[in-house]
Amino acid sequence: LPKISSVVSTPLPPPTPETRIAAIYPSGPTVPSNLLRMYVEFSGPMGTRGGQDYITIADGNGGEIPGALLPLDTDLWNSDRTRFTVLFDPGRVKRGILPNRAMGRPLRPGMTFTIAVKRAWPDAHGKPLASDFRKDYTVGPPVERALATSDWRVGAPGAGSRDPVVVTFGAPMDRGLAQRALTVVRGEAAVGGEV
């Protein structure tokens, strides 16, 4: 019998949309000088690499602020890898600790800074982000006052409606903490929903 040969290739996987930065929190233009955490939210799941090589904090002149971020060997992702926590060095942020006494806080009232995220950060498919991302902030005074739930206002939904419960805080809140800590309960059971 004559030999018959053919070249077969597997089909390409369907294209995936480019992952982009969906938001960076805090969302406002001013942050306190004792800011401890920021959050980078993505439009889709990211890969296994952390942000240490892809995130920089630069001062108003464009120079990286030395020692601003805490170098970690662990990743600070949410469960679906769409939110990364950027952690400022707590030793520098919190008063009275040796790094704070020696170097001061990385953010000082009146200064401006930029958080920059490099496009090269690979998503869950190994592809880079859609683009570089930058967000500018102005630094305000530290927030030293403890949270006061008495400042919060809770707007209950109408009976039998699907309207949301609206909580108005007396000051900006840590987004990640609020998402994890706030729940709505009926009796002893949590009511399903999204913060």
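**View 1. Ile57 meets Ile115 across two paired strands.** Two strands pair here if DSSP finds at least two bridges between them. The model shown is predicted. Ile57 has Ile115 in β6 as its bridge partner. Strands β4 and β6 run antiparallel and are joined by five bridges. β4 covers residues 55-59, and β6 covers residues 112-117.

**View 2. Four strands form an open sheet.** The strand order is β2-β7-β6-β4, and the pairing is mixed. Strands of a sheet pair through backbone hydrogen bonds, either parallel or antiparallel. Which strands stand at the edges? They are β2 (30-32) and β4 (55-59). Each has a single partner strand, so one side of each is left without a neighbour in the sheet. On average, neighbouring strands of this sheet are turned by 35 degrees against each other, direction ignored.

View 3. β7 spans residues 133-140. Thr30 stands opposite Thr138. Thr112 also stands opposite Thr138. β2 and β7 run parallel, with three bridges between them. β6 and β7 run antiparallel, with six bridges between them.

**View 4. Strand β6 is largely enclosed.** How many of the six residues of β6 are buried? Five are, so the rest of the structure largely encloses this strand. A residue counts as buried when its relative accessible area is under 20%. In the sheet order, β6 stands between β7 and β4.

**View 5. Arg37 and Asp174 form a salt bridge.** Their closest N and O atoms are 3.0 Å apart. Arg37 lies in strand β3 (residues 37-42), while Asp174 lies in the loop between β9 and α3 (175-181). The two parts are 137 residues apart in sequence, so the pair ties them together. Arg37 has a relative accessible area of 26% and is partly exposed.

**View 6. Glu41 and Arg175 join strand β3 to helix α3.** The side chains of this pair meet in a salt bridge, at 3.0 Å from N to O. Glu41 belongs to β3 and Arg175 to α3, so the bridge ties together parts that are 134 residues apart in sequence. Is Glu41 buried or exposed? Glu41 counts as buried, at 14% relative accessibility. Arg175 is partly exposed, at 28%.

**View 7. Arg95, Arg105 and Glu144 form a salt-bridge network.** Salt bridges link these three residues. Arg105 sits in the loop between α2 (98-103) and β6 (112-117). Glu144 sits in the loop between β7 (133-140) and β8 (153-155). This pair links distant parts of the chain, 39 residues apart. Arg105 counts as buried, with 14% relative accessibility. Glu144 is partly exposed, with a relative accessible area of 42%. The count of salt bridges in the model comes to seven.

**View 8. Five valines make a nonpolar surface patch.** The patch is made by Val154, Val165, Val167, Val184 and Val191. Its area is about 360 Å². Where does Val167 lie? Val167 is in strand β9, which covers residues 166-168. Val167 has 30% relative accessibility and counts as partly exposed.

Conventions: Residues numbered from 1 in each chain as written. Predicted model: local features only at pLDDT ≥ 70, side-chain atom pairs only at ≥ 80, totals over all residues. Heavy atoms only, no water. Patch = residues over 30% accessible without salt bridge, like charges linked within 9 Å, V, L, I, M, F, W, Y side chains within 5 Å. Areas by Shrake-Rupley, 256 points an atom, 1.4 Å probe, with all protein chains shown as cover. Salt bridge = Lys/Arg side-chain N within 4 Å of Asp/Glu carboxyl O. Buried < 20%, exposed > 50% of the residue type's maximum accessible area, 1.4 Å probe, protein only. Axes fitted to C-alpha atoms, helices over the stretch in contact; angles between N-to-C directions.
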